[in-house]
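Please look at the sequence and the structure shown below before reading on. The report that follows takes up a sheet and then a pair of helices.

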Amino acid sequence: MESAPTYGGLYERLVRGEEKLALIGLGYVGMPIAVEFAKHVKVIGFNHNEKRIQQYKSGIDPTHEVGDEAIQKSTVDFTSDEKRLSEAKFLIVAVPTPIKDDKTPDLEPVENASRIVGRNIVPGSIVVYESTVYPGVTEDVCIPIIEKESGLKCGVDWKIGYSPERINPGDKVHRLTTIKKIVSGMDAETLDCVAKVYELVVEAGVHRASSIKVAEAAKVIENSQRDINIAFMNELSIIFNKMGIDTKSVLEAAGTKWNFLKFYPGLVGGHCIGVDPYYLTYKADMLGYHSQVILSGRRINDSMGKYVAENCVKNLIAADKPVRNARVAILGFTFKENCPDTRNSKVWDIVNELKEYGIEPVIADPVADIEEAKRIYGISFNSMDEIVNMDAVILAVAHDEFKKLEKTDLNKMFSAGKKVLLDVKGILNPADYTDYSFWRL
Amino acid sequence: MKLYDQLVDKEEKLSLVGLGYVGMPIAVAFARKINVIGFDLNARKIEMYKSGIDPTHEVGNEVISKTTVEFTADETRLREAKFHIVAVPTPVNDDHTPDLSPVEGASTILGRNLTKGSVVVFESTVYPGVTEDVCVPILEKESGLKCGVDFKIGYSPERINPGDKVHRLETIKKIVSGMDEETLDCVAKVYELVVEAGVHRAESIKVAEAAKVIENSQRDINIAFMNELSIIFNKMGIDTKSVLEAAGTKWNFLKFYPGLVGGHCIGVDPYYLTYKAEMLGYHSQIILSGRRINDDMGKYCAENCVKNLISADKAVKGAKVAILGFTFKENCPDTRNTKIIDIVHELQEYGITPVIADPEADAEEAKMLYGVEFVGMSTIKDMDAVILAVAHTEFSNFKMAEMDKFFGEGKKVLLDLKGLLNRKEYEAAGYSYWRL
């Protein structure tokens, strides 16, 4: 007679090395989790990208999150063979949740990962999702897929939980081990096991959410809050620009109040802040509520690239330069400073808007991943010393290398006549550029 | 710099125009250092101050009785002063446009009594440009004096948090600005006399005006975000408070909560900014969408009361509903700009005339402004629904046994707008419990 699997001892069996934990997805989220767990329990690290697995095996960390040395020393058992997942009883899914061109959630990576889990899950397992989703995805989308693929019943043959990742790429202070982690489970037994397992690696401890949906909701609002606050700053910047008031000076003054929140205007790109809010509004829309604040924030942030381009054109006109075929350079193309990632970069919006005014900007970014930019956007970068005879320069990303730019460096980039300079990130001192046509957000 | 020294040497006087919850603490603080004239149009208020009563509760009766502020309702006494601080309210009209009449009125009075060599500083929250484009012309016209030559102007926004004993005039860094270097320097030095936390010298009057008007707008937006989340999670059947507790464990999550946004600042200041933006051709998106959500929350609460009555199988028309709390803020008697009146009006549209109890509220004011008469707490019984609307300390300590007594037969519908009670406890006891 077959007895129902028990989960109560799973944590202990993991710790004793009698059972294994598996990571599905080894990107900038999954990788640090795998490496950290491998210090305490047996870990299988699965990724369907064979090339990446080979990199990991040869001790290279392309995510830069843990470093080559940590990878080399790690006992994570890297594999691209999904069948090996059947060796594990505690499965953590850490795959991306992007959006489609129409800004609706693209659940394909989560669904694919669920199919892989479903094909290989064994009775008595616990599956935990880490991906950012709208409330309900874990229970309403993932469970049915795993059940169908495995023929096993959730709640009986296996259990499910959700524990959102809070990794801040590039941040060395707030790391997996030092950020409190939200955990949730379909029932008290699962919650307890998930909590204990994560407590092995998260020194800051865990927060036991009252349900999977509460945990999903908590995660999806975190980046939305940031998005809204940046949108507010962007709206202020637009308003103060019209009033002829320098926004940065206003924020400096307001920042002297104890409870003023220090956000700054700017382009919102990347894979989280500009993306997560759509997951929430998508689900709200399905339920008949059309978001007002969240979507208006999204609209503003999404239109800032266009806004910067327009102000470039207005400044060219005010400086008596012909717009069509004006020579404009954009310095910086990545979505974040000092980071090679160009995916979801909003600088691309500046480029496209300038083109509509008959301007083909040249772009320089010594930090960016050249191959990726070429593949995704079809653009080639110029080197910094090729930036000469410009009518306007747009300083778009706050790379350390750009922060070091002296006025003499900038002077060399321009042609004769008024120098139009757009300092999108506010890294220069406007007092030094009074002879320029200087503009910032 | 002469003026500053003359003030300190008590050869010249400082005046406060407007002695409300902003002007009063300023007058009293300055009077500890220099000679101060405190002017208010309201002769009755002046009499109260003179007899040692502080109706604002900001400084207290003892301080008022001891202060050396020369209280007066006689505007000609302003001629004795050379440093003038205007601290009058800046409300909005019914159509949400700025009501500048108090600022204009104060400028008119001050203009009539302005003497050569004076510095005038405004403290009121305004949109950028009001000080220079609205106040200066009035002062010039009434006085016949020329700004920049005969008198100077500055702006230093108030940051007083009514009822807050930690963040006070002395302990909050103060923004100062002036029309030129000399004025800025004088204004900065004068305020440094009383503000221990120091001053921030803004580069222009407009920058200082802008800095002030965005502070409360930021709060408004963040509360609006919480209210929108509450609406969304309510539709999803998720308890918002639990979500915020979980999200709040992240180091950079900002702890705001859903609720009604009333009062004279947070719900008002954003309109000053959007009004001016609109004049310049920019129609605010996020600030106004935040305002709309926050302004709709009273209606939203009333609708949820009705929905809960229906699902509890109670007749809506003529349902007995009690609202506990009516002020715009907890533990404060002020009912002006309360959003709870929106709940009342919306319930009335569904055929429900709620009874209201608020042991803290100024009953006279409520009657005058809204025609509302409060009932005693002990008369609340046989209710179909109770809406706990304000987090007065008295209400926070409610036990379920007390709550039980408010209700009649059948399912007890309880709306805990501020999330004061333990949801699980009330649901376990069979309540139909709802919160934002």
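## A parallel sheet and a helix crossing

In this predicted model, strand β9 of chain A, residues 328–331, pairs with β10(A) in the parallel sense over three bridges. Within this part of the chain, A:Ala329 stands opposite A:Val362, which belongs to β10(A).

These two strands belong to an open sheet of five strands in chain A, whose order is β10-β9-β11-β12-β13 and whose pairing is parallel. At the edges of the sheet lie β10 and β13 of chain A, each of which pairs on one side only. If direction is ignored, neighbouring strands of this sheet are turned by 15 degrees against each other on average.

| Edge strand | Residues |
|---|---|
| β10, chain A | 362–364 |
| β13, chain A | 437–440 |

Helix α8 of chain A, residues 212–243, packs against helix α11 of chain A, residues 293–302, at an angle of about 55 degrees, and their axes are 8 Å apart. Because of this angle, α8(A) is oblique to α11(A). The crossing of α8(A) and α11(A) is left-handed.

Which residues make the contact? From α8(A) come A:Ser224, A:Asp227, A:Ile228, A:Ile230, A:Ala231, A:Asn234 and A:Glu235, while α11(A) contributes A:Val293, A:Ile294, A:Gly297, A:Arg298, A:Ile300 and A:Asn301. Sorted by class, the contact of α8(A) with α11(A) has six nonpolar, four polar and three charged residues.

Key:
Residues numbered from 1 in each chain as written. Chains lettered and ligands numbered in written order. Predicted model: local features only at pLDDT ≥ 70, side-chain atom pairs only at ≥ 80, totals over all residues. Pairing = 2+ DSSP bridges. Helix = DSSP H or I, 4+ residues; strand = E, 2+ residues; numbered from the N terminus. Axes fitted to C-alpha atoms, helices over the stretch in contact; angles between N-to-C directions. Parallel < 35°, antiparallel > 145°, perpendicular 65-115°, else oblique. Left-handed = near helix turned anticlockwise from the far one by under 90°. Contact = placed C-beta atoms within 7 Å. Nonpolar A, V, L, I, M, F, W, Y, C, P; charged D, E, K, R; others polar.
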